[in-house]
Amino acid sequence: MESNSRRQLVAGNWKMNGDKALVDKVQKQFAAATLNNMDVVICPPFPYLGLFDGKVKLGSQNISQFESGAHTGEVSVAMLKEFNCQYVIVGHSERRADNNESSSLVALKVEQVLNAYLTPILCVGEPEDVRDDGTLFDYIAAQLDTVLLKVGISQFADIVLAYEPIWAIGTGKTASPAQAQEVHAFIRGHLAKQDNNIAANIVILYGGSVKGNNAQELFSQADVDGGLIGGASLNPEDFLSICQAANQ
Ligand SMILES: O=C[C@H](O)COP(=O)(O)O
């Protein structure tokens, strides 16, 4: 694999959790922290985006596939930009499940985010039965290929990927560092079939029960470039210790 300039990134996905008090706590915590070797992104629910004061990078948890118009309840990329959002989580397994988001819809959303020059955090990952029946790599490849077909490999230079095995999300059942590394290496190899340089430089996060006590081992794997953190991002002390693990 080619040399790379990847920088570790940790994104906290609050999901439908948190409140104004958590916004204040997180801002205080990160204003006082020195994290020079990595990037931190907080992805709170939409209503809280406007409460952040610019000390941490912001991401949203979803976006409309449409640019604007009569789409009740949707939020556009242009609106996110007004709130200094730089990242957008797309294709999280909870949205794929709760809202029937297909890979084709996910691809449209990725395109929308890229067109606005924001960074999609594109999530892929398998349910437990897929891992058990041995079709894990086909499953992940298919999720990637739908987006590749829509936007093309060159656009992957501006995408962050997140591998989130569904069986590890919110379950306390983390993928082992070796399991995470195996899939991350597969993803990088899959992209390398189309472009070596983009594959070597794309940031691939791991998500699924990352905590302060397992982050360092996961993040030290060769193809793991940080994490997408759910539950632990709701506790500023735990989240900071995960970020410190990425900062090393
Ligand atoms: O987006 C974050 C992931 O779904 C991981 O969630 P978790 O850290 O609560 O397992």
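Mentor: Start with G230. G230 is buried, because 22 other C-beta atoms lie within 10 Å. The cut-offs: a residue is buried if 20 or more other C-beta atoms lie within 10 Å of its own, exposed if 12 or fewer, and partly exposed in between, with C-beta atoms placed from the backbone. One caution: this is a predicted model, so local features need pLDDT of at least 70, side-chain atom pairs count only at pLDDT 80 or more, and totals for chains, interfaces and linings use all residues. Residues are numbered from 1 along each chain as its sequence is written.

Trainee: Where does G230 sit in the chain?

Mentor: G230 is in the loop between β8 (226-229) and α10 (236-247). Those labels come from DSSP runs, numbered from the N terminus: helices are H or I with at least four residues, strands are E with at least two.

Trainee: What does G230 touch, leaving aside neighbours within four places in sequence?

Mentor: N13, K15, I169 and G170. Contact here means that two C-beta atoms, placed from the backbone, lie within 7 Å.

Trainee: Which residues are closest to the ligand?

Mentor: N13, I169, G207, G230 and G231. The ligand is surrounded by 14 residues. A residue is near a molecule or strand if its C-beta atom, placed from the backbone, lies within 6 Å of it.

Trainee: How does that shell divide into nonpolar, polar and charged?

Mentor: 5 nonpolar, 8 polar and 1 charged. Ala, Val, Leu, Ile, Met, Phe, Trp, Tyr, Cys and Pro count as nonpolar; Asp, Glu, Lys and Arg count as charged; the others, Gly among them, count as polar.

Trainee: What does UniProt list as "binding site"?

Mentor: The unreviewed UniProt entry gives N13, W14, K15, G170, S209, G230 and G231. They are spread over 219 residues of sequence, but they cluster in space, with a largest C-alpha distance of 13.8 Å. Keep in mind that UniProt positions are given in the numbering used here, feature names are shortened, and annotations may be inferred rather than shown by experiment.

Trainee: New topic. How many strands are in the barrel?

Mentor: 8, in a closed barrel that runs β1-β2-β3-β4-β5-β6-β7-β8 with parallel pairing. Neighbouring strands are turned by 25° against each other on average, direction ignored. Two strands pair if DSSP finds at least two bridges between them.

Trainee: What holds paired strands together?

Mentor: Strands of a sheet pair through backbone hydrogen bonds, either parallel or antiparallel.

Trainee: Last one. Which residues does UniProt list as "active site"?

Mentor: The unreviewed entry lists H92 and E164. They span 73 residues in sequence, yet no two of their C-alpha atoms are more than 8.4 Å apart, so they gather at one spot.

Trainee: Where is each one, and what does it touch?

Mentor: H92 is in the loop between β4 and α3 (93-98). Not counting residues up to four places away in sequence, H92 touches Q61 and C123. E164 is in the loop between β6 and α7 (177-192). Leaving aside neighbours within four places in sequence, the contacts of E164 include C123, I169 and G207.

How values were computed. Axes fitted to C-alpha atoms, helices over the stretch in contact; angles between N-to-C directions.
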